[in-house]
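Dear colleague,

I am handing over the structure below, and I would be grateful if you could look through it alongside the notes that come after.

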Amino acid sequence: MAKTLFITGASSGIGAATARAAVEQGWNVALMARSADKLTSLAQDLGEQALPIVGDVTRMADLDQAVSDCIGKFGGIDAVFANAGRGLDKPGTVEGDLDDIRGMIELNITALVQTARATLPELKKTKGTLVLTGSSAGRQHIKGSIYGATKWFVHGYAGNMADEMREWGGRCAVVAPGMVDTPFFDNGAPDKLQPQDVAEAVIQAITAPQRAAIREIYLMPQN
């Protein structure tokens, strides 16, 4: 029976690339994002192994419904990729817009915890794997970067969850890329990492032998 991967931020970039890579490996994928058009298009490309779920990960009710829909379609969840996140339109503690800062913190931190909260009961049943999207910005200090600080939280939370999940046979990994050629960057970054590079790291984390807990994969572009 095929295993199932639940992905947030699934409609484009790293999330979409991971969905494609997982389907190629024989997994089912539950795809959660706010963009109905992009999700529908991706799911059509992936076929019967994909379930598109339109929802907002900052709303706990949406996450709970998404998990319920996933269970209804595929019967269980074997891995979760908490990938939804964003940066700021204008960085800076004083220079940045306060509502924009609040929104980023809510998505990058609170929604990440909510995703874990919604899916952990299912992962516990399957002794599954939780993967979080970190960043090289969460492994180094970048002057004044609030975005980087949110990724420091992700890295710390991943380590804490790894120890907690280990008690019942589960695993938690953080995938920490440097610059990736995604819509995150207005002008793109074609000479840097590609979304499929990060997707391969996620697949490695969720398909490793049960005896091996990959806790962090740190990817940097060569250029």
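Predicted model: local features only at pLDDT ≥ 70, side-chain atom pairs only at ≥ 80, totals over all residues.

Residues are numbered from 1 along each chain as its sequence is written, and side-chain values use heavy atoms, with hydrogens and water left out.

On helix packing, helix H3 (residues 60-74) and helix H4 (residues 98-126) pack with their axes 10 Å apart and at an angle of about 35 degrees; helices (H or I, at least four residues) and strands (E, at least two) are DSSP runs numbered from the N terminus, and axes are lines fitted to C-alpha atoms, for helices over the stretch in contact, with angles running from 0 to 180 degrees between N-to-C directions. To this contact (heavy atoms within 4.5 Å) H3 contributes Met 60, Leu 63, Asp 64, Val 67 and Ile 71, and H4 contributes Ala 111, Gln 114, Thr 115, Arg 117, Ala 118, Thr 119 and Glu 122.

On the aromatic residues, a search of the whole structure finds one aromatic pair, namely Phe 153 and Tyr 157, which are stacked at 5.6 Å centre to centre with 15 degrees between the planes. Rings of Phe, Tyr and Trp (its six-membered ring) pair if their centres lie within 6.5 Å, and planes under 30 degrees apart count as stacked, over 60 as edge-to-face and the rest as tilted. Because Phe 153 and Tyr 157 are four residues apart in helix H5 (residues 146-166), about one helical turn separates them. Phe 153 is partly exposed, at a relative accessible area of 30%, whereas Tyr 157 counts as buried at 15%; buried means under 20% relative accessible area, exposed over 50%, and partly exposed in between (1.4 Å probe, protein chains only).

Two strand residues also deserve a mention. Thr 4, in strand S1 (residues 4-8), is buried at 1% relative accessibility, and, leaving aside neighbours within four places in sequence, Thr 4 has contacts including Trp 27, Cys 70 and Phe 74. Phe 81, in strand S4 (residues 79-82), is buried at 0% relative accessibility, and its contacts, with neighbours within four places in sequence again left aside, include Leu 5, Ile 14, Val 131 and Val 202. Phe 81 and Glu 95 are 14 residues apart in sequence, and their C-alpha atoms are 32 Å apart in space.
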